[in-house]
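Visitor: Could you walk me through this structure? I have not seen it before.
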Amino acid sequence: MSSFQNKTDGNEEADSDPNSFVLDPAKIGRECFLYYKCRVDDTESFKELLQLSSQGNETAKGFIAVLMRRTDLSQILSTFSIGDPMESATIMIEDILPWLEAEEQQANPNAQYIIGVCHQYGIHWEQDGPKGLKYLTKAAGMEHASAQCRLGFAYNSGTDVEQDRDMAFDLYMEAAMQGYAIAQSNVAVEYSTGTGAVAQNLAIAATYYKLAADQGDKESQYCLGYAYATGKGVVESMEDAIKYYRMSADKGFVYAQYSLGFCFFQGKGVPVDTAMAIQYYRLAAEQGHAVSQQFLTQFYAGINDETGVKEGLGAVQQDSSRDDELDPSEMFTQAEAYYEGRGCVENKPRAVELYKQAAEAGHAEAQLKMGTIYARGLAGLEAQPEIGVQFYALAADQGNKAALYELGNCFSRGIGVEVDKAEAVKYHRLAAEGHDAEGSSCTVS
């Protein structure tokens, strides 16, 4: 299917200039263009697509139906009074069913894509992942970028198909070359981690993060901000870091909100502004960000009642003899600080010590972190993937979606466990429930 020659060493540039990878509505059609923009939570594009749908445009109706099952778009959906998403999606598909089936027979890639996604998620038809992939394969072969991306995710994770990470990368790249932001972000993740079909290359990763970020993808905006903040793949620039953190935070991305809170509190790239710091920490805390919640608790607990001055703002506990006084969330908060050197001198052995204590006390994010440390041999520890799997399993048992995904990868690739494709598919499906299955999570190294 793929005509793109896969990169193997991470140092070869694509034949085309990545900066020329832009969406062309004249080529893909207005409805498809709007759908792709909706994929990066573009409210105006969703509004226009909804308007076309209300005017009887079958393609727009199909795309709206596909978007409705995404829980990460719940805020947009509620804004437009969509109602129950799955019920509304089913009604829309039934309304355009004759058109869908006729267009599929005429090899319309949009119809093939819509039918494929409906089979994947049980919209109108019974849920049937392999059958959905057959339709997506047809659409991908006709250069439907979202189908290529969704099919690439299936190959990358081994969901309903034998895992093939080279094929996954090829599909991501083909979609990225059409200007599809989610695919560009996926290519960036591949180069950022270097754990798939290409070797790690942070400069190329940053290039693709920027392509997606400049199209409004909030996760890529955050990752690019982080790259500028740390000088990984780009020249370090806190000015640019703040710029992209703001873009991402304004779209509600929790890690960008937390990072801006940290920057305003510490005076990183901006003047110290405690009020702004608290504002961003609150936004992140309201989304359940544990470190931000813990920071706010410690912040308000440390304000002097007489002077109103914070004493020891955000101070990291240095004395390990007092670890028994910390609850698991406090341990995790301090471990994060030590691991990244945020507000203190970087101390990865101390971070691991605290992560482990928090993990053993049942903290899911700490369990996930320990799983990654052992699975990959990070923080100066020797890789012990068997132990990593045990920690992933603990976090997965608590419903941590990142741990579920990593556990699926372990079973798929035989990392710390025997290869078991059925178990891999099970965990990947659990991780994908209620979320879009086109791309990997934004990753920073």
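Predicted model: local features only at pLDDT ≥ 70, side-chain atom pairs only at ≥ 80, totals over all residues.

Visitor: At what angle do H2 and H3 pack, and how far apart are their axes?
Guide: Helix H2, residues 30-38, and helix H3, residues 43-54, pack at an angle of about 140°, and their axes are 8 Å apart.

Visitor: Is the crossing of H2 and H3 left-handed or right-handed?
Guide: The crossing of H2 and H3 is left-handed.

Visitor: Which residues make that contact?
Guide: H2 contributes Arg30, Glu31, Leu34, Tyr35, Lys37 and Cys38. From H3 come Ser45, Phe46, Glu48, Leu49 and Leu52.

Visitor: How do the residues of that contact divide?
Guide: Between H2 and H3 there are six nonpolar residues, one polar and four charged.

Visitor: Let us step back. What does the secondary structure of the chain come to?
Guide: The chain has 24 helices and zero strands.

Visitor: How much of the chain counts as buried?
Guide: Of its 445 residues, 53% count as buried. As for contacts in the chain with a separation of 6 or more, 55% are accounted for by residues 24 or more positions apart.

Visitor: What about H13 and H14? At what angle do they cross?
Guide: Helix H13 (residues 202-213) and helix H14 (residues 218-230) cross at roughly 140°, and their axes come within 8 Å. H13 and H14 are therefore oblique to each other. H13 passes H14 in a left-handed crossing.

Visitor: Which residues are involved there?
Guide: On H13 the contact is made by Ala206, Tyr209, Lys210, Ala212 and Ala213, and on H14 by Ser220, Gln221, Cys223 and Leu224. The residues of this contact of H13 with H14 comprise six nonpolar, two polar and one charged.

Visitor: Now H21, please. Is H21 mostly covered or mostly uncovered?
Guide: H21 is mostly covered, with 10 of its 13 residues buried. The buried residues include Ala364, Leu368, Met370, Ile373 and Tyr374.

Visitor: What covers those buried residues of H21?
Guide: The cover includes helix H19 (328-340), helix H20 (348-360), helix H22 (385-397) and helix H23 (401-413).

Visitor: What span should H21 have at 1.5 Å a residue?
Guide: The 13 residues of H21, 364-376, should span 18 Å, and the end C-alpha atoms are 18 Å apart, which agrees. Just after H21, glycine 377 takes a positive phi of about 70°.

Visitor: And H12? How many of its residues are buried?
Guide: In H12, 13 of its 13 residues are buried. Glycine 194 follows H12 and has a positive phi, near 65°.

Visitor: Which residue other than glycine has a positive phi near 60°?
Guide: Alanine 107 has that value. Alanine 107 lies in the loop between helix H7 (97-105) and helix H8 (109-121), and at 31% relative accessibility it counts as partly exposed.
Guide: Aspartate 160 also has a positive phi, of about 65°, although it is not a glycine. Aspartate 160 is in the loop between helix H10 (145-157) and helix H11 (165-177), and its relative accessible area of 24% makes it partly exposed.

Visitor: Where is histidine 144?
Guide: Histidine 144 sits in the loop between helix H9 (129-141) and H10.

Visitor: Is histidine 144 buried or exposed?
Guide: Histidine 144 counts as buried, because its relative accessibility is 3% and the cut-off for buried is under 20%. Leaving aside neighbours within four places in sequence, histidine 144 is in contact with Cys32, Tyr36, Phe63, Pro109, Asn110, Tyr113 and Ala139. Histidine 144 and alanine 175 are 31 residues apart in sequence and 7.6 Å apart in space, C-alpha to C-alpha.

Terms used:
Residues numbered from 1 in each chain as written. Heavy atoms only, no water. Axes fitted to C-alpha atoms, helices over the stretch in contact; angles between N-to-C directions. Helix = DSSP H or I, 4+ residues; strand = E, 2+ residues; numbered from the N terminus. Left-handed = near helix turned anticlockwise from the far one by under 90°. Contact = heavy atoms within 4.5 Å. Nonpolar A, V, L, I, M, F, W, Y, C, P; charged D, E, K, R; others polar. Expected span 1.5 Å × (residues − 1). Buried < 20%, exposed > 50% of the residue type's maximum accessible area, 1.4 Å probe, protein only. Parallel < 35°, antiparallel > 145°, perpendicular 65-115°, else oblique.
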